[in-house]
Amino acid sequence: VFRGNALLITTLDEAEQLGTPHPIGAEQSNVSIMFGDTLILKFYRRLRAGLQPEVEVAQFLTETAGFANTPAFLGSVEHRSDEGEGTMLAAAFAFVRNQGDAWEVLTSALGRDVDEIDGYGTNAEDVTDEAPPFAYPLEIGDLLGRRTAELHLAFATQTDDPAFKTETITARDLKAWTKEATDDVKAMLKSLAAARDSLDEAAGALADRVLGSRDALLERIKAASALTPSGAKSRIHGDYHLGQVLMVQNDVMIIDSEGEPRRSLDQRRAKTSPLRDVAGMLRSIDYAAASVLDPRGGIAIASQEVAAQRASLWRDLTTRQFMEAYEATIAASPTHPDDPAFSQALLDLFVMQKAAY
């Protein structure tokens, strides 16, 4: 039995009309089955009593906000105990034909670009002064920034639903976010210190730099709490990175709004600043740039210095385009802070927390 904006499947005979079902992969937290090119039925492997954030968010974005750049929510399967407690078993979404997720597409394209750039010069200076510009899909920063802001505008849609109604950010929120980020960074530093002796020379040197920056990191996190808060908190994607974005022709579709899998359901459903999502994407862009510097199965690459310069150039360009497009599109949203200093301090806090996570 499906519950949603349509009754999709009531008998196995009707299910056959949707097309031959076949699995499309098993992830850590779910298994997805595609029916022809009509819909995807996602079975959750981690079953927890209570509301499933992805189903809540998808239904809101589809039926209330009308956000077009996420697969339409079609229905869900829920088990209810004799006591009436519900556990979400599966959810159905419209199938969206795509070229793969942005992480796969962009890292592959960036790897090819780094390989090819060797033909334009082996000096690191040439990479920025004379090298050709990045071609699509690497020129994605502007589009990704606009779609991210539009997602956050959708989350700010006026509603009487208490689960999605925006709320003003308060000093109490800042205190809680600062403590949470501080705890995460401290836990990361403790783990890193425990593993320090097992690292090779290069990794050990990096670890020492991070461990030596402990006080500066914690002070940077506290910076937001000293400012006057502005803007509002809302529901967000919660686990936003390049792997959660599908490349669809000349556009993108945002998927999998389940939140960070290691967080509790309450944490994943909590309202917060949309800048958390921005932080997640900024970290993902940085990871993508770093990934092309790893050994890639014997494929010849440019010198390490040239490769690092080219990857860094793409990261900086994409980050700048992403943030400029995001800021321009989100400016009128009630959730976006109107104080640039507070916005930057809050973003810094979330970026460091995401890096620690």
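Modeller: Start with two helices: H6 passes H8 in a right-handed crossing. The model is predicted, so local features need pLDDT of at least 70 and side-chain atom pairs pLDDT 80 or more, while totals for chains, interfaces and linings use all residues. Residues are numbered from 1 along each chain, and side-chain values use heavy atoms, without hydrogens and water.

Biologist: Which residues of H6 and H8 make the contact?

Modeller: Contact means heavy atoms within 4.5 Å. H6 gives Thr-178, Ala-181, Thr-182, Val-185, Lys-186 and Leu-189. H8 gives Arg-214, Leu-218, Ile-221 and Lys-222.

Biologist: Why are H6 and H8 called roughly antiparallel?

Modeller: Angles over 145 degrees count as roughly antiparallel. H6 (residues 171-195) and H8 (residues 214-222) pack at about 165°, with axes 9 Å apart. Therefore the two are roughly antiparallel.

Biologist: What makes a space a pocket?

Modeller: A pocket is an open set of points on a 1 Å grid, with protein on both sides within 12 Å along at least five of seven lines. The second largest pocket holds about 650 Å³. Among the 21 residues that line this pocket, the closest to its centre are Met-188, Val-210, Leu-217, Arg-283 and Ala-355.

Biologist: Which helix supplies the largest share of that pocket's lining?

Modeller: H12, with seven residues.

Methods. Axes fitted to C-alpha atoms, helices over the stretch in contact; angles between N-to-C directions. Helix = DSSP H or I, 4+ residues; strand = E, 2+ residues; numbered from the N terminus. Parallel < 35°, antiparallel > 145°, perpendicular 65-115°, else oblique. Left-handed = near helix turned anticlockwise from the far one by under 90°. 1 Å grid on protein atoms, 1.4 Å probe; cavity = no way out; pocket = protein on both sides within 12 Å on 5 of 7 lines; lining within 4 Å. Points joined across faces, edges and corners; volume = space filled by probe spheres on them.
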